[in-house]
Amino acid sequence: MSSDTTDQPFRSGAIEDPRLPRPDFPKQEQPAPGLASRMDPLPDHGETSYRGTGRLSGKRALITGGDSGIGAAAAIAFAREGADVAINYLPEEQEDADKVIALIEAEGRKAIAIPGDLRDEAFCKSLVSQAAEGLGGLDVLVNNAGRQQFCEKLEDLTTEDFDATMKTNVYAPFWVTRAALPHLKPGASIIITSSVQAFSPSDILFDYAQTKAANVAFAQSLAKQLAPRGIRVNAVCPGPFWTALQISGGQPTEKAAEHGKKQPLGRPGQPVELAPIYVLLASDEASYITGEYFGSVGGAGL
Ligand code: NAD
Ligand code: MG
């Protein structure tokens, strides 16, 4: 098991037995959005393990929520596959973002850090222009940032909370994608991170689950609209993954420590285990894959 004294994740890369390692995680809590670098054990973003084979050579990608978790795993993998990468995140996540930026640069790829709040339409526009300008264009857009705050009773769900979830998970992908379209040429790929919650909503994730269902419809509708322009759109629907989202209000503290334990594989996924799906969807190899959603739910299915 890892400790907070090392930068090494507690497991890394392909493992022979997919049931391992079993979660036995200490209870922990951080204020949202949380820092992956303060989690115990550290999530595995592929820092020491992901090996690329040039599948995204020369591509230019923008990834929201690229500082940590699933977005960080995609960012590291994209760079190792030969892409230049811009990441967006909240200013308070700079510490996590710095690590991802350093790993992208270590591959000899261009890395662009663009902190800012996606709930602001004007920022979403400026994010895309900063990314496209810094990268010299845009081929891949990953709408991955997300807000998940559990609430046990509908009467306790404030309008402000509901609005923040909608703004982050539904409005921001719309704003960012609309701003990105003028930059996207035939062959471009748009990916959105949805969730198993789109299909099996939890009782305590009323607002979040609705946004994740919207994310699937986003991919399916937009794929039809953009196919004639040669642009593909797909959704990824993860099950339980070990990320900061879960220990910063995404689940009650006791449940977060056991995140994934009830899955057939008996554990949460690590962010690196999703990287191959993002790489495939971003790559030219996926030229006939559009309007689809991909699960990775530890055996429970979507
Ligand atoms: P994470 O906390 O590491 O990543 C989420 C990121 O969203 C944060 O790092 C933050 O940078 C970004 N974000 C949130 N609010 C923002 C805002 N207002 N402006 C800019 N950025 C903002 O957690 P993660 O689990 O890797 O989450 C990534 C995506 O995966 C989310 O869309 C989440 O809904 C989805 N997801 C996660 C799980 C899971 O079990 N971890 C399961 C299914 C889906
Ligand atoms: Mg983060």
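This is a predicted model: local features need pLDDT of at least 70, side-chain atom pairs count only at pLDDT 80 or more; totals for chains, interfaces and linings use all residues.
**Exercise 1. Which handedness, left or right, has the crossing of helix 4 and helix 5, and what does their packing look like?**

Residues are numbered from 1 along each chain as its sequence is written, chains are lettered from A and ligands numbered from 1 in the order in which they are written, and side-chain values use heavy atoms, with hydrogens and water left out.

Step 1. Locate the elements, which are DSSP runs numbered from the N terminus (helices: H or I, at least four residues; strands: E, at least two). Helix 4 spans 159–180 and helix 5 spans 206–226.

Step 2. Take the axes, lines fitted to C-alpha atoms, for helices over the stretch in contact, with angles from 0 to 180 degrees between N-to-C directions. The axes of helix 4 and helix 5 are 9 Å apart, at an angle of about 15°. Helix 4 is therefore roughly parallel to helix 5; angles under 35 degrees count as roughly parallel, over 145 as roughly antiparallel, 65 to 115 as roughly perpendicular and the rest as oblique.

Step 3. Assign the hand: a crossing is left-handed if the near helix is turned anticlockwise from the far one by less than a right angle, and right-handed if clockwise. Helix 4 and helix 5 cross in the right-handed sense.

Step 4. Inspect the contact (heavy atoms within 4.5 Å). Residues of helix 4 including Phe162, Met166 and Phe174 meet residues of helix 5, among them Tyr208, Phe218 and Leu222. The contact comprises ten nonpolar, six polar and three charged residues. Here Ala, Val, Leu, Ile, Met, Phe, Trp, Tyr, Cys and Pro count as nonpolar, Asp, Glu, Lys and Arg as charged, and the others, Gly among them, as polar.

**Exercise 2. Describe how helix 3 packs on helix 4.**

Step 1. Helix 3 covers residues 121–135, and its axis comes within 8 Å of that of helix 4, crossing at roughly 40°. The two helices are therefore oblique to each other.

Step 2. The crossing of helix 3 and helix 4 is right-handed.

**Exercise 3. Describe how helix 1 packs on helix 8.**

Step 1. Helix 1 (residues 69–80) and helix 8 (residues 275–282) have axes 9 Å apart, at an angle of about 55°. Helix 1 is therefore oblique to helix 8.

Step 2. The crossing of helix 1 and helix 8 is right-handed. Ile70, Ala73, Ala74, Ala77 and Phe78 meet Ala275, Tyr278, Val279 and Ala282. The contact has nine nonpolar residues, no polar and no charged.

**Exercise 4. What lines the largest cavity?**

Step 1. On a 1 Å grid over the protein atoms alone, a cavity is a set of points where a 1.4 Å probe fits but cannot get out, and lining residues have an atom within 4 Å of a point. Grid points are joined across faces, edges and corners, and a volume is the space filled by probe spheres set on the points. One cavity of 30 Å³ or more is counted; the largest has a volume of about 80 Å³.

Step 2. Its lining has 14 residues, with Asn143, Asn144, Ala145, Thr168 and Pro173 nearest the centre. Helix 4, strand 5 (189–193) and helix 5 each supply at least two lining residues, and helix 4 gives the most, with five.

Step 3. Six lining residues are nonpolar, seven polar and one charged.

Conventions:
On a 1 Å grid over the protein atoms alone, a cavity is a set of points where a 1.4 Å probe fits but cannot get out, and a pocket is an open set with protein on both sides within 12 Å along at least five of seven lines; lining residues have an atom within 4 Å of a point.
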